[in-house]
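Good morning, and thank you for the time.

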Amino acid sequence: MNIVVLGAGVAGISATYHLSRNKFKVTCYESSNIAGGLLAPFFVGDFRFDHAVHLSFTKDKYVRSLFDNVKYYKHKPDPYCYENETWLRHPVQNNLFPLPTEEKVELISSFCKAPKNYNDNYQSWLISQYGQKIAERYPIKYTQKYWSIDADKLSLTWIGNRLRKANLAEILYGALEPRYDNHYYADEMRYPTEGGYFSFIKPMVTECDIHLDKKAIELDLISKKVKFHDGDIVAYDNIISAIPLPELVGIINDVPEDVKKAAESLLYTKVDLLSIGFSREINNKYLWFYIYDDCVAARAYSPSLKSPDAVPKGCSSLQFEVYTLSTKSNPDISILIENIRNYLIKSKICNESDILFIDHRQLKYGNVVYDHGMEERRQFVLDFLKENNIETCGRFGEWSYLWSDQALLSGKDAANRIINR
């Protein structure tokens, strides 16, 4: 039996690894020149960066059994928020203390008048949770930055424990005095001491047969063959795909038109990464932070605080994430760079002379977008794939808001479905 896995992100690697461990003949094909997907590092000179922010907070015992074979740092989850030269702890509604009294009174008064009921959309839910004023000033504004879509266009199914639900006592305490309670959804964040986040899955990669620079361009369901951009054709008995659903459907021969339309309708965000190297240790003590003002980025994090191994001695680094909806045109790179440069100086994080470089690159896929009706359209596509014996896994293969540990388990589950046949 010959098994083909498309995509060597964490889910595709996991599927390949678990099939290989069970003595199956399996080969993974990756379109880029490096395995790891979003978990793979990249370098600008001697500075190492991840593809967007990555920290492990998994509580899954099996994933920990794999990740904990690597030495790691433990970080306290203590993110901050920046708004017009003011730093507030996250979540904002529980840490209003730095704001002027009249603003705090206005925000809390609005919270007390929040409607108890809400409609089936994210904006309505936010207003019912936090009140009109807090919702508009913070999460509704942030929705445009992170999801690149109006909050009322989003459903509620993705929220889970990602947002702290409002509590009057917490809001009052955080408005009257500085608070240091941990309201994050994790107690501890872990990051490898060396090699970046990829080091957590590197031992798995070494056990996998992965072919790089192999972009699949055609999938024939009748002959059970995959054609790659270099002309190679590979036959398979079983296939697992971790590549994005719209791309997968786009390479399959003779797909019904309604399936094509459903796949093409799936929205996602692109991510422009702006990675900055500094010649000294800059004035930033926050591992990561969210940005609520006119800076183009939604959030930023410090690779050099995650691990000193990420930068040359005496230097430091930051990486900013700018999100754009898949249906919108790409932003002007020069404008992004200038905006981030101005933000760094205005926020007093650094002087202009401290900046060694601002590197730009774009991730085609960042997050799947939960617009209304997405789940039904997604399921329609997944049902078609299942009917044709194509297993899918991972954030973009399942088209779900999965964290790295969930993506790893998704690949393991896809492998098990083939093993159990």
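I begin with the sheet of this predicted model. It is an open sheet of five strands in the order E9-E2-E1-E13-E19, and the pairing is parallel. Its edges are strand E9, residues 210-211, and strand E19, residues 390-392, each of which pairs on one side only. Strand E13, residues 238-241, is joined to E19 by three bridges in the parallel sense. Within that pair, serine 241 has threonine 392 of E19 as its bridge partner.

Helix H1, residues 10-21, packs on this sheet, where it touches strand E1 (2-6), strand E2 (25-29), E9 and E13. The direction of H1 makes about 165° with that of E2. In the loop between H1 and E2 we find lysine 23. Lysine 23 is not a glycine, yet its phi is positive, about 70°. Is lysine 23 buried or exposed? Its relative accessibility is 78%, so lysine 23 counts as exposed.

Serine 148 belongs to the loop between H6 and helix H7, residues 168-176. Here the relative accessibility is 5%, and serine 148 therefore counts as buried.

Let me turn to the antiparallel pair. Strand E6, residues 80-83, and E7 run antiparallel and are joined by four bridges. Tyrosine 80 has arginine 89 of E7 as its bridge partner. The two strands E6 and E7 form a hairpin with two residues between them, and in the turn asparagine 84 has a positive phi of about 50°. The peptide bond between histidine 90 and proline 91 is cis, with omega about 0°.

Next, the helices. Two packed helices are described by the angle between their axes and the distance between the axes. For helix H4, residues 122-130, and helix H6, residues 139-146, the axes come within 10 Å and cross at roughly 145°. On the H4 side the contact is made by Tyr122, Gln123, Leu126, Ile127 and Tyr130, and on the H6 side by Pro139, Ile140 and Thr143. By class, this contact of H4 with H6 has six nonpolar residues, two polar ones and no charged ones.

The loop between helix H3 (101-112) and H4 holds asparagine 117. With 67% relative accessibility, asparagine 117 counts as exposed. From asparagine 117 to serine 329 the separation is 212 residues in sequence and 36 Å in space, C-alpha to C-alpha.

I finish with the nonpolar cores. Which residues of the largest nonpolar core touch the most other members? They are Tyr122 and Leu219, in a core of 127 residues. H1 gives the most to this core, namely six residues. Domain 1 (3-40 + 62-71 + 195-264 + 372-420) and domain 2 (91-176) both give residues to this core, which is why it lies between them. The contacts of leucine 219, leaving aside residues up to four places away in sequence, are Lys225, Val226, Tyr236, Ile239, Leu248, Ile251, Ile252, Asn253 and Ile390. There is also a second, separate core of 23 residues, and among them are Tyr80, Ile276, Ile349 and Ile355. Thank you for your attention.

Methods
Residues numbered from 1 in each chain as written. Predicted model: local features only at pLDDT ≥ 70, side-chain atom pairs only at ≥ 80, totals over all residues. Heavy atoms only, no water. Axes fitted to C-alpha atoms, helices over the stretch in contact; angles between N-to-C directions. Contact = heavy atoms within 4.5 Å. Nonpolar A, V, L, I, M, F, W, Y, C, P; charged D, E, K, R; others polar. Pairing = 2+ DSSP bridges. Buried < 20%, exposed > 50% of the residue type's maximum accessible area, 1.4 Å probe, protein only. Core = buried A, V, L, I, M, F, W, Y, C linked by side-chain atoms within 4.5 Å. Domains from an automatic or database assignment.
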